[in-house]
Amino acid sequence: MAGAHGVLRRLSVLLMVETVSGAWGPSTGTHTSPPFPGSAVNQTPVADCHLVSGLNASERCDFVRTNPDCRSPGGYLDYLDGLFCHFPPGLLPLAVTLYASWLLYLFLILGVTASKFFCPNLWAISATLKLSHNVAGVTFLAFGNGAPDIFSALVAFSDPRTAGLAIGALFGAGVLVTTVVAGGIAVLHPFLAASRPFLRDIAFYMVAVFLTFTALYLGRVTLAWALGYLGLYLFYVVTVVLCTWIYRWQRRKSLVCSLPGTPELLSDSEEDPVSSGTNSCDFGDEFRPLLDQEESTARALARALNPLDCRTWRSKPASWRALKLFKLPVEFLLLLTVPVVDPDKDDRNWKRPLNCLQLAVSPLVLTLTLQSGAYGAYQIGGLVPVWAVVVIAGTATASVTFFATTNGRPPRLHWLFAFLGFLTSALWINVAATEVVNILRSLGVVFRLSNTVLGLTLLAWGNSIGDAFADFTLARQGYPRMAFSACFGGIIFNMLVGVGLGCLLQIARSHAPEVELEPGGLLVWVLASALGLSLVLSLVSVPLQCFQLGRVYGLGLLLFYLSFLVVALLTEFGVIHLSST
């Protein structure tokens, strides 16, 4: 633990960069359960941080500062220290309100980063690698759509105290998507579901839920178990590819036999063609001038960094304008630091002044966001900090690129910007997800709520609301089958990769043979049982309806979710409990 508490202890009252031994850092220390065993700073016995609410107001600050259980494993802000040390007890409701507002803004940051920067670069990478839409859909697109859930799970699994938050969020999102989202699609636009993809996806997801249920029962996830999660997802990808290939082969054979003189017009019911333009960054065309003309570097840079178009602003309603005002700071910061490659455009979204500036800024952002800036603070040879070396190297690369390229034609290695944008946006998402997990844990301490209930409600709702609105929009536009397929494909990726990769990284960081899962009580089993029951109901009822999903099916799923939510909250507050004998 030596050295883990001495790196960037505080930058200010609210801004903290703290290195926890074993958490993504280069230190040789370990971070195992229970956390912070035998802290070298003080020998205060470890007490549950939730006990702070029962102390006198004068004792709370010292408790959260000296108790190891109240320390966060990462992030820039110490929320518990801010609540109990910088706000008077009478202003605690104001502090909670500010934290809740910040939490909503963090969800906005996650949504903007994933939809306008992370997903477009994933599409560009898949186009560079020449992947088919089907393979890209179950890999890169699933990763892009599930980025907030995945990164939240990775952050939560990095600390045994918040592992319940990850389980609650993944199970909670599963129940939400398979009931509210799927049911809402059926209510908005009744449709005929594709039988084979539905049965395939629900079968794989039931296996994933069973694996997680078993891990909770055993109370641990071993290295073999974590690798099994990832192996099952790879098997799922292979199955999707093979099913699509077999369907195409059968369809092609049927068309050739029936209409030998007609060109082959394939209509694959298992795969909906999705244009990358629907997810690509929409800043380029929106602000492109009417006439192509040579403009100065400064003017081109200012235009590229402008996230607001006056003509669009005047044509939008007041609600859109209000939301846009909240997005402007985030969009400007992301435009400045995250390059976006769009393979659908002739110039592939090449903006020479901005892209060269991003070559200098993005590596610095990577350094300052990786491990909450801990890597950037290390000094090479005790003289030069890492961030200074990165700034020099990035500036040199940007200068060479600027003088070796032109405004109108992208360079031959422009595709590398997609990988740089992918890494930078991924770390921005990780930063926001870390703050989300930390602030949810702080709110749980204040209200004495378990991590599981916070995960299945606030975290699951916040991470899934964007996908829910996107799926509902697709259903209204007449594509309910595509929206329904996205429901199950995304949560399979989130469950298998979220748990598997999260536990695998924690095992690698802590050098422990397994990840201990603290018992979550009755609520965890209520959550797991509700998810399993919803899947069984769909597996039985959908084939009985001949895969014709109507409003009755949708309303039944919505009613199921409301019933589950009531039971979960009653269990959390002790109204429903196991009788002791």
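In this predicted model, Cys 61 and Cys 85 are joined by a disulfide, with 2.1 Å between the sulfur atoms. Cys 61 belongs to helix α1 and Cys 85 to helix α2, so the bond ties together parts that lie 24 residues apart in sequence. The torsion about this S-S bond is about 110°, and the disulfide is therefore right-handed. Cys 61 is buried, at a relative accessible area of 16%. The value falls under the 20% limit for burial. Cys 85 has 22% relative accessibility and counts as partly exposed.

A further disulfide connects Cys 49 with Cys 70, again at an S to S distance of 2.1 Å. Cys 49 sits in the segment before α1 (57-66), and Cys 70 in the loop between α1 and α2. The bond thus links distant parts of the chain, 21 residues apart. Its S-S torsion is about 115°, so this disulfide is right-handed. Cys 49 is buried, with 0% relative accessible area. Cys 70 is also buried, at 2% relative accessibility.

The disulfide count comes to two. Counted along the chain, the bonded cysteines follow the pattern 1-3, 2-4. Accessibility was also computed for two other cysteines. Cys 503 is buried, with a relative accessible area of 0%. Cys 546, at 57% relative accessibility, counts as exposed.

Aromatic contacts were examined next. The count of aromatic pairs comes to 16.

Elsewhere, five aromatic residues make up one cluster: Phe 204, Tyr 233, Phe 235, Tyr 236 and Phe 493.

Charged side chains also lie over aromatic rings. The charged end of Lys 316 is placed over the ring of Trp 320, 5.7 Å from the ring centre. Arg 352 lies over the face of Phe 402, and the distance to that ring centre is 3.8 Å.

Salt bridges number five in the structure. Among them is the bridge between Glu 331 and Lys 324, whose closest N and O atoms are 2.9 Å apart. Glu 331 is buried, with a relative accessible area of 0%. Lys 324 counts as buried at 8% relative accessibility.

Arg 200 and Asp 201 form another salt bridge through their side chains, at an N to O distance of 3.1 Å. Both of these residues, Arg 200 and Asp 201, are buried.

The side chains of Asp 309 and Arg 311 also meet in a salt bridge, at 3.9 Å from N to O. That distance is within the 4 Å limit for a salt bridge. Here the burial of the two ends was computed separately. Asp 309 is buried, with a relative accessible area of 10%. Arg 311 is partly exposed, with a value of 46%.

The surface carries a nonpolar patch formed by Val 566, Val 567, Leu 569, Leu 570, Phe 573, Val 575 and Ile 576. Together these residues have about 580 Å² of accessible area. One of them, Phe 573, is located in the segment after α20 (551-572). Phe 573 has 60% relative accessibility and counts as exposed. The limit for that class is over 50%.

Conventions
Residues numbered from 1 in each chain as written. Predicted model: local features only at pLDDT ≥ 70, side-chain atom pairs only at ≥ 80, totals over all residues. Heavy atoms only, no water. Buried < 20%, exposed > 50% of the residue type's maximum accessible area, 1.4 Å probe, protein only. Phe/Tyr/Trp six-rings, centres within 6.5 Å; stacked < 30°, edge-to-face > 60°. Lys NZ or Arg CZ within 6 Å of the ring centre and 35° of its normal. Disulfide = S-S within 2.5 Å. Helix = DSSP H or I, 4+ residues; strand = E, 2+ residues; numbered from the N terminus. Patch = residues over 30% accessible without salt bridge, like charges linked within 9 Å, V, L, I, M, F, W, Y side chains within 5 Å. Areas by Shrake-Rupley, 256 points an atom, 1.4 Å probe, with all protein chains shown as cover.
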